[in-house]
Amino acid sequence: MSGDDLAVRTEDLSKRFGETVAVDGVSLEIPVGDVFGLIGPDGAGKTTFMRLISGVMRADSGQAMIAGEDVIADPEAVKQRMGYLSQAFSLYADLSIEENIDFCGDLYLMPRDEVQRMKEEMLELTDLLRFRKRLVGRLSGGMKQKVGLICALINRPQVLILDEPTTGVDPISRRDFWRIISQLPEQGVTVVLCSPYMDEAARCRHLAMISRGRILAEGTPEEMRQKVAGTVLEVTADDVRAASRALSDLSSVRRVTPFGDALHVQVEEGREAVSEVRRALGEAGVDEDEIHEMVPSLEDAFMDIVTRGDRVA
Amino acid sequence: MISGARLKRMVRKEFRQFFRDKMMLRMSIMIPIVQTLILSYAANTDAVDVPTVVCDLDRTQVSREFLASVTSLDTFDLVGQEVSVEDMELALDRGTAELALYIPSGFSRDVLEGDAQVQILVNGADSITATAASSYLLQSAAAYDVTVKRERVARLGLSTQGLPSVRSETRVFYNPDLRSMWFMAPGVMAMLLFVLLQNFAALSIAKEKELGTFEQMVMTPIRPTELLLGKLIPYGLIGALDALVIGTMVVGLLGVPLRGSVLTLAVALIIFIFATLGSGLLLSAVSANQQQAQILNFFLSFPSILLSGFIFPRENLPQVLYWVSEVIPMTYLLRIIRGVFLKGTGFAELWLPNLLPLTVLAIIFFTLGVLRFQKRLD
């Protein structure tokens with residue numbers, strides 16, 4: 001891939017805080033027009049990575065290019081063409097929705113009429129038009145985050161960076177939120193987000209899984225699912241906890257993860273695994289309703305990759 | 001390189017938030033008005049009606065004459081006239097009296113023999129008032145001494161004409177009645193401006209950091225100087241307005257004479273506002289949140305006020321603290337403001353010793369604040 005097609009490129013990017021290595025030699029390439037998700041548990045280094053590529057935190061070593069600009073050499077150069085939405089609430093609570101958006105436009109020196117037009121359009125799209133005069137401090141978490149997204153897009157950025165954008169956001173606001181994001185690639189906007197949520201990961205075109213500052217796997221959501229070693233069985237049983245106890249000690253079982261009233265049981269490849277599971281449940285006196293092979297979920301993939309990665313490290 | 005348009009919009013946003021915050025509005029308008037009145041009257045070191053007890057063990061015509069002549073001033077409020085030694089000490093202990101005058105028995109005889117002594121007991125816990133009152137008492141006693149001597153000489157049939165004597169007469173310039181309000185009120189003006197502005201500036205950036213809006217701001221192309229000026233210009237203007245309001249009150253309501261040039265005063269105040277916003281900005285830049293900024297401000301404000309000569313003369317400070325007081329902007333503003341109000345000191349006389357150091361401090365604090373401020377999150 002040539003440099004022109006890349007919205008973000010990092011090479012061996014590292015940042016430590018005292019003894020902790022927050023970001024450990026991360027090299028990533030994110031093509032223009034991508035919706036890229038950095039997925040990892042809390043404390044994996046997601047926010048630090050986002051701050052490094054935005055140029056608001058200095059890297060200890062490595063390279064970072066965003067929208068063709070070298071962030072390490074000149075962190076201010078890219079800011080006019082970048083949008084950023086942080087995880088924490090970051091609007092002025094004592095200003096109205098409209099005043100917040102206008103002020104953001106002011107910071108980028110955007111023409112007033114263009115801000116006006118975009119504001120109308122996006123407030124309409126996010127169902128916020130009737131609240132435009134309301135102070136942001138009196139909005140729900142989901143509404144605040146939607147206003148934050150509008151602010152982050154007001155300068156028509158080439159790259160939009162979202163740090164856990166829908167953490168603590170209600171499902172309906174989340175839907176409105178993604179309605180806007182999914183339109184962005186066709187406008188040539190690259191979206192880079194990080195999230196601990198698998199349903200959000202599933203909406204991305206490309207994913208990278210990060211744990212303890214290191215990238216463990218990369219690919220499309222489909223490719224991620226295929227990275228799961230062995231086979232995943234879905235076991236439905238009356239007593240899920242007893243079933244889980246019975247299975248976790250089996251040598252052919254790699255992992256048992258409860259999902260509601262079912263278990264995802266990751267086993268070694270092959271037919272005999274199913275019968276072994278059935279026999280173990282029978283011996284434990286657990287009535288199983290159903291056992292069948294399933295396509296691994298992203299969550300299975302995530303658990304598998306992170307555990308294996310941590311074991312290596 | 002500053003974008004005027006962005007700065008203008010930043011200032012407008014700050015003003016909008018300022019006027020929406022009822023607490024800030026009250027703090028910056030009401031507090032200066034109320035405080036000017038309260039502090040100017042309260043910070044009054046005049047000695048009037050000081051509760052005084054007298055323990056007269058002599059109880060003669062002479063001792064009563066002496067008493068009448070020394071306690072006639074309205075400085076003293078005689079709360080006990082012929083009390084015992086025990087009651088006198090008790091009155092000082094309990095605080096019913098600040099001052100006690102002890103006349104030993106045999107006083108009248110000693111007066112005639114030319115070697116009488118009295119004792120003044122002072123409550124040092126309130127040293128300012130007590131010292132002032134006891135010095136009045138000493139002066140009166142000295143005057144009585146002279147009177148008695150002259151009478152004796154006259155009674156001997158001699159002329160008092162050639163009697164050797166030195167009389168010192170004190171004339172107080174600029175504030176002839178030694179009204180402490182004249183001295184305090186201009187100082188109160190300086191102190192209020194200092195407290196208010198340093199607080200505003202200390203909170204400015206710290207508040208944005210705490211609310212997370214700073215994180216958003218650093219992601220945008222706004223330049224550090226635009227951000228800082230945008231935050232501080234509104235506070236500077238509010239400070240200037242406060243100076244005008246307080247100044248008008250000090251002259252119009254409290255009757256303190258403004259003998260010097262208003263322009264000189266205005267120039268000094270503007271430089272001082274810059275210096276104070278600069279030092280406040282420095283506090284804000286090193287703080288992660290509002291609480292840190294406020295604690296820092298709290299610990300640095302007191303020394304500024306106490307060492308600047310607002311209450312105690314700087315000449316009494318230990319050498320090290322005296323040097324410290326030379327880098328406190330308040331020190332210079334106080335000298336300027338008192339000079340302009342009471343003495344009518346002009347720009348030319350103030351420039352080198354006071355205005356220049358104040359300007360240098362303003363530049364240093366502002367530069368340090370700007371340098372310490374980072375448009376980054378680490």
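**Notebook: helices, contact and sheet**

Helices (H or I, at least four residues) and strands (E, at least two) are DSSP runs, numbered from the N terminus.

I noted that this is a predicted model, where local features need pLDDT of at least 70 and side-chain atom pairs count only at pLDDT 80 or more, while totals for chains, interfaces and linings use all residues. Residues are numbered from 1 along each chain as its sequence is written, and chains are lettered from A and ligands numbered from 1 in the order in which they are written.

**The helix pair**

I looked up the axes next. Those of α2(A) and α4 (residues 141–153) of chain A come within 8 Å and cross at roughly 25°. Axes are lines fitted to C-alpha atoms, for helices over the stretch in contact, with angles from 0 to 180 degrees between N-to-C directions.

Which residues meet? From α2(A) come Ile97(A), Asn100(A), Ile101(A) and Cys104(A); from α4(A) come Val147(A), Ile150(A) and Cys151(A). Contact needs C-beta atoms, placed from the backbone, within 7 Å. I sorted these residues by class: six nonpolar, one polar and no charged. Ala, Val, Leu, Ile, Met, Phe, Trp, Tyr, Cys and Pro count as nonpolar, Asp, Glu, Lys and Arg as charged, and the others, Gly among them, as polar.

**Chain A against chain B**

I looked up the contact between the chains. Chain A puts in 23 residues and chain B 21 residues. On the chain A side, α1 (46–54) and α2 (97–107) each supply at least two residues. The most comes from α2(A), with four residues. By class, this side of chain A has twelve nonpolar, four polar and seven charged residues.

**A sheet in chain B**

I found an open sheet of four strands in chain B, in the order β2-β1-β3-β4, with mixed pairing. Strands β2 (76–80) and β4 (119–122) of chain B stand at the edges with a single partner strand each, so one side of each has no neighbour in the sheet. Pairing needs at least two bridges found by DSSP. In chain B, β1 (residues 50–56) and β3 (residues 99–103) run parallel, joined by five bridges. I checked Thr52(B): its bridge partner in β3(B) is Leu99(B).

Notes
Two residues are in contact if their C-beta atoms, placed from the backbone, lie within 7 Å.
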